[in-house]
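Here are my notes for your next look at the model. Please keep the viewer open and go through the points one at a time.

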Amino acid sequence: MKQILSHLTYIFLGATLLSCEKNVTIDIPSSSPKLVVNCGITTDSSWSIFVGRTVPLFDEHTPKYINGANISLSADDGTLIPLANTGNGIYTSAQKPLLGKEYRVEVNVEGFSGVSATCRPLTPPQVELVSKTIKFENGYSSTSVEVRLTDSKDSEDFYIIEARSPESLIDLNTTYIAYYNLGCDDLACENVGTDETSKQLLFRDRIFSGSKKIIVFTIEGVDYQNTEVECVIKRCSYDFGEYKRTLFLHQSNLDSPFSQPVKIYTNVNNGLGIFASYQSTVIPLY
Amino acid sequence: MSRSSLIKPLLTLLLVHFIAVAPAQDRQSIRLKNVSLSDAITKIAKLYHVQIAFNTSLTNNIKVNTAINDKTLEEALSTILKDTNIQLERVDKNAYILVEKVKPKPKIIPDKKKKYTLSGYVTQHGSSEKLIAASVAVMGKPQGCITNEFGFYSLTLDDGEYDIMYTYVGYQPLVLRINLAGNTVQNTILKSGHQLQEVVVRSSKDNDIHIRPQVGFNSLSMDYVKSAPVLLGEADILKTIQLLPGVKAGNEGSAGVYVRGGSPDQNLILLDGVPIYNASHMLGFFSVFNADAINSTQLYKGGFPARYGERLSSVIDVRMKEGNMEKYEGEIAVGLISSKINVSGPIFKDKTSFILSARRTYTDLLIKGAILLSDAKDDNGNSAEMPDIYFYDINAKVNHKFSDKDRLYLSFYRGGDVLGVTTNEAFTNNSYSDNARTDIGISWGNSIAALRWNHIFSPKLFGNLTATSSKYAFKVFFERETTTTPTQDKVSYGFQSLRFKSGIDDFSTKLDFDYIPSTIHTIKFGGAYTFHTFTPNASEIVLKEKPDQTTENEATYRSKEAHEAAAYIEDLYEIAPKLKMNAGLRASLFYVDGITYKSVEPRLLLSYQTTETSSLKFAYVEMNQYLHFLSSGSLALPSDLWVPTTKKVEPQRSRQVSLGMTKSLGPTVLSLEAYYKTMNKIIEYKDGASFNISDTTWEEKVVMGKGESYGLEALLEKKSGRLTGWIGYTLSWAYRKFNEFNNGQKYPFTYDRRHDISITACYKFSPRFDIGATWVYSTGRAFTLANEVYTPYTSDIRQSSDNASNFSNRNNIRLPNYHRLDLGVNFHKKKKWGERTWSLGLYNAYLNHNTFFVYPSEGKLRSVGLFMFVPSLTYSYKF
């Protein structure tokens with residue numbers, strides 16, 4: 001009898017709140033394809049710029065990258081940085097960006113409107129480790145880390161925090177960097193709580209501009225006995241931070257019927273993507 | 001069954017009824033043995049299915065003893081009236097009035113011309129409930145008025161003898177002979193038309209719809225609201241309003257109201273004159289109004305009189321019942337998801353009355369019951385989560401009559417929603433045991449209270465003083481408590497709690513006067529002051545490592561206070577017998593952050609009666625709104641915040657012009673209206689911005705823009721008779737324009753629906769059985785779909801990434817068109833102590849898949865629909 005009543009209740013609730021899905025055909029407006037330029041600029045790494053394009057929704061044949069683009073990268077002192085196309089839309093140089101210079105990229109591809117963007121490399125963040133504590137709970141490890149940031153009042157900055165195990169060996173030929181899930185209760189954190197974004201915590205200096213800020217965060221699921229762990233704190237330009245912030249929001253709102261889709265920020269004139277700087281400070285933890 | 005095969009019978013039913021031959025022409029027989037003339041007339045009215053109005057003082061003392069054999073109505077009435085001084089006058093197809101044969105003409109003495117005022121209240125028989133907007137007309141003269149929101153009327157005439165006709169839709173008309181030799185108070189009681197289970201008078205003489213300068217106005221019959229089929233059988237004012245032309249529904253099932261291209265925050269929703277800030281329950285699927293407690297509902301969407309302000313797009317003026325002054329009565333209703341109780345009666349007969357109404361859903365109880373019955377456990381043997389999902393409403397009102405001149409009303413409303421879940425987890429192994437309790441939930445609700453005092457200063461001056469409080473709060477909470485007990489060590493304890501609150505508190509006083517110096521002027525004036533306290537975001541975090549630890553809470557509480565004041569004057573002026581005007585001016589100011597915003601809003605409404613049965617109307621209004629609503633979506637979510645005008649965010653402003661015509665077509669009225677509206681300084685979140693409790697200010701996240709809407713509305717409405725209902729059609733355009741979006745180009749508003757049709761009808765087959773049907777059709781709403789994809793930058797974390805998507809324009813596609821048929825049947829039966837009703841309903845009867853939203857998947861667009869087929873069953877007992 002209990003079973004029957006239970007099933008009847010579920011049937012009633014199911015019937016009243018029944019929803020269903022089906023395929024529909026809707027006219028989707030077409031728009032001119034745009035060039036995409038992606039490059040995160042840090043003085044620690046040599047130049048690597050991705051050039052791609054937008055493709056219509058449901059077009060699975062057109063590649064999203066562009067090889068053979070006419071690309072020009074120059075510094076504000078007139079220096080030209082030569083770039084080589086290494087395939088899959090990647091253009092690289094052995095040179096590294098230098099502090100104190102402003103760089104400008106221009107890309108032209110036949111059939112597309114030309115695009116351009118500028119950026120200036122940043123100094124690394126001033127950060128120090130305050131404490132680190134490993135806790136074991138329910139058989140899982142969790143590390144509580146406390147760092148102190150000193151923010152510059154001269155610029156509007158974003159900060160990104162990551163925790164990683166560098167160069168973990170997964171087979172004889174390949175290394176990769178494992179990024180850990182992070183947790184944070186800090187009200188200044190812009191993006192905590194979603195699977196998409198929990199490997200990077202994003203902070204904006206709106207409420208601690210020009211002052212010191214202590215950030216406490218947790219690193220989940222580290223196997224401390226077999227790996228090294230380090231914490232990476234990135235100081236990001238406004239453009240880079242805003243791009244990351246809107247990208248996180250875009251991903252977390254994807255296909256949500258209750259909110260407008262989020263346009264991802266871009267500083268690429270006439271196009272999409274990002275050409276902006278960040279600079280990292282790495283703190284070894286274990 | 002195809003769509004057209006269902007629509008056709010519905011349309012045919014409407015049309016056939018509109019052209020039906022009056023049953024008064026039928027021949028009937030009846031034996032009237034030694035009964036009073038009043039009883040004889042009542043029996044004949046029932047037999048021939050017509051409405052007959054008469055003055056009982058003329059008929060109670062006359063006895064009838066005759067037999068009617070195979071006679072038409074008029075022959076039958078002639079027979080029983082043969083030896084009396086009463087004669088029959090036909091006022092409508094199925095409506096008659098009995099008046100004295102010798103009808104003395106009003107004594108007009110040209111050289112004396114003294115004027116006196118006839119005033120009083122119009123109330124409902126059996127309960128003394130006030131009838132709002134009842135018509136009071138002088139028979140044979142183009143003079144009359146309507147009762148105000150307290151049921152009061154005042155009519156100034158030359159001295160003399162008049163036949164005054166009191167009418168109200170759904171009620172039997174009453175004609176009283178008034179000898180106006182001095183100021184006269186005439187409190188009048190009208191009987192419900194249902195007592196005869198019959199049609200109600202719609203006389204061309206009282207058809208003042210053509211002489212009132214009202215544009216963009218609709219009055220809802222509460223009987224109709226309760227008869228119309230609705231989702232889950234829950235009679236709902238806002239969902240019935242959604243069926244009117246010019247009003248769009250939001251998403252499937254939502255009680256959101258979008259009037260003439262406006263957004264929901266631009267609707268001033270008043271309950272007994274007090275604003276309600278969130279009129280939704282259950283994420284918008286139900287409105288906060290319990291239909292059992294409501295007396296009247298009026299919707300203004302265009303021609304706003306100067307007494308209304310504060311919002312741009314509409315005023316929904318809902319008035320609660322006052323409570324039965326004469327006897328105790330009540331109603332209990334038990335439905336599939338909710339139950340209601342409504343009780344009212346006299347505290348001191350004819351002096352003080354009360355009404356108490358309460359409603360609660362029990363979805364949570366059903367789910368909990370199912371969980372308990374199935375004994376559901378998780379992998380660790382813990383009991384399944386017990387969710388709390390319910391809403392409740394309580395309406396209460398006390399009304400005391402000190403004298404014919406003074407009345408006091410105290411009304412109260414409290415409603416709330418709770419969505420929450422509590423989980424208890426326990427884990428034990430050889431070395432330790434772990435217990436955790438987690439509470440997560442959101443809740444929101446309105447509380448309002450109003451104290452009103454009506455005073456009749458003189459027959460020409462009516463005053464109302466109101467003091468109100470309105471409070472809206474939205475709360476989110478998360479609480480987790482963990483206790484780990486190692487077997488050989490100390491107990492470890494953890495507690496964390498996060499609470500977030502958003503809300504608005506208002507305290508208001510208002511003074512309104514109705515001054516009727518003559519038959520050609522009705523002047524309303526008054527003023528109001530409101531003290532607002534906005535709390536867009538307040539949060540508190542508590543972390544403890546010991547149960548008794550006192551911690552320093554990390555709390556942010558940001559509130560903003562503001563003062564709003566307004567004064568208005570409007571004059572309903574009869575320029576010529578066929579030309580009326582309501583001209584008004586509203587001035588308001590808003591003080592916040594040390595600055596004062598001022599506004600003057602002119603209002604002009606004109607009506608010109610082209611024939612006895614038709615009129616042309618015009619309105620120009622300017623509206624100002626000092627409150628903004630920040631919404632990130634279409635449902636009521638925690639991120640939706642009421643925020644004030646500030647230094648950075650200016651007040652919203654609209655201008656609207658409307659042109660309309662009305663035409664009576666027998667028992668139906670056809671209205672056509674065209675409108676054009678512009679809105680300025682409306683706000684939206686910036687692209688990518690959303691609410692975050694760490695925000696120092698929300699003002700940085702919003703942008704200000706413009707709105708534009710225009711359209712044509714048609715309404716064919718039948719309010720009386722066995723068949724009631726309407727056909728509404730709207731052809732409209734609505735746009736938004738923000739410099740920051742869409743490259744500064746205008747784009748369609750989310751609820752820009754080009755065509756919108758609603759057909760709704762209720763048919764009373766007999767006193768025991770009636771049916772209702774509603775069919776709606778609308779162009780699909782505008783929706784933003786990313787139409788191109790590209791590779792985003794994620795190299796800084798050395799991860800490959802899914803596609804990022806981009807869209808060319810906001811609201812760049814149209815969802816599929818929406819249509820739905822709802823059906824309802826009511827079975828009534830008189831019982832010993834009252835009347836019971838079984839109500840069966842069917843929402844979306846022909847199982848149409850209506851798109852709620854779409855998303856791309858595997859090379860195709862997938863449409864998600866809600867509420868494919870929702871039956872409902874309600875039992876109610878009225879005593």
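1. Let's start with a pair of rings in chain B. F738(B) and F741(B) are both buried, where buried means under 20% relative accessible area, exposed means over 50% and partly exposed lies in between (1.4 Å probe, protein chains only). Their ring centres are 5.1 Å apart and the planes meet at 45 degrees, so this pair is tilted. For the terms: rings of Phe, Tyr and Trp (its six-membered ring) pair if their centres lie within 6.5 Å, and planes under 30 degrees apart count as stacked, over 60 as edge-to-face and the rest as tilted.

2. A word on the model before going on. It is a predicted model, in which local features need pLDDT of at least 70 and side-chain atom pairs count only at pLDDT 80 or more, while totals for chains, interfaces and linings use all residues. Residues are numbered from 1 along each chain as its sequence is written, chains are lettered from A and ligands numbered from 1 in the order in which they are written, and side-chain values use heavy atoms, with hydrogens and water left out.

3. Back to the rings. Y763(B) and F765(B) make an edge-to-face pair, with 4.7 Å from centre to centre and 65 degrees between the planes. Over all chains, the count comes to 34 aromatic pairs.

4. Please also look at the aromatic cluster formed by Y121(B), F150(B), F152(B), Y409(B) and F462(B). Y121(B) has a charge over its ring as well: the charged end of R407(B) sits 4.2 Å from the ring centre. The rule here is that NZ of Lys or CZ of Arg must be within 6 Å of the ring centre and within 35 degrees of the ring normal. Elsewhere in chain B, R360(B) lies over the face of Y390(B), 3.9 Å from the centre of that ring.

5. Now the strands of chain B. Strands (E, at least two residues) and helices (H or I, at least four) are DSSP runs, numbered from the N terminus, and two strands pair if DSSP finds at least two bridges between them. Strands of a sheet pair through backbone hydrogen bonds, either parallel or antiparallel. One open sheet has five strands in the order β14-β21-β22-β17-β18 (chain B), with mixed pairing. Its edge strands are β14 (217–220) and β18 (274–275) of chain B, each pairing on one side only. Within this sheet, β21 (residues 294–300) and β22 (residues 314–320) of chain B are antiparallel over six bridges, and Q298(B) has D317(B) in β22(B) as its bridge partner.

6. Further along chain B, β36 (residues 627–630) runs antiparallel to β37(B), with four bridges joining them. L630(B) stands opposite L641(B) of β37(B). Which way do the side chains of β37 (residues 641–644) of chain B point? L641(B) and V643(B) point one way, W642(B) and P644(B) the other, and all are buried.

7. Two residues deserve a backbone check. A133(B) has a positive phi of about 70 degrees although it is not a glycine; A133(B) sits in the loop between β6 (115–124) and β7 (135–138) of chain B and is buried, with a relative accessible area of 19%. D350(B), also not a glycine, has a positive phi near 60 degrees. D350(B) belongs to the loop between β24 (338–348) and β25 (352–361) of chain B and is partly exposed at 40%.

8. Turning to chain A, there are two helices and 19 strands, and 46% of its 286 residues are buried. Helix α2 (residues 238–253) of chain A has 16 residues and reaches 22 Å from first to last C-alpha, close to the 22 Å expected (1.5 Å times one less than the number of residues). In α2(A), 12 of the 16 residues are buried, among them F240(A), Y243(A) and L247(A).

9. Last, an open sheet in chain A has four strands in the order β6-β5-β9-β10, with antiparallel pairing. Why call β6 (80–81) and β10 (115–119) of chain A edges? Each has a single partner strand, so one side of each is left without a neighbour in the sheet. β9 (residues 103–108) of chain A pairs with β10(A) over five bridges, and E106(A) stands opposite S116(A).
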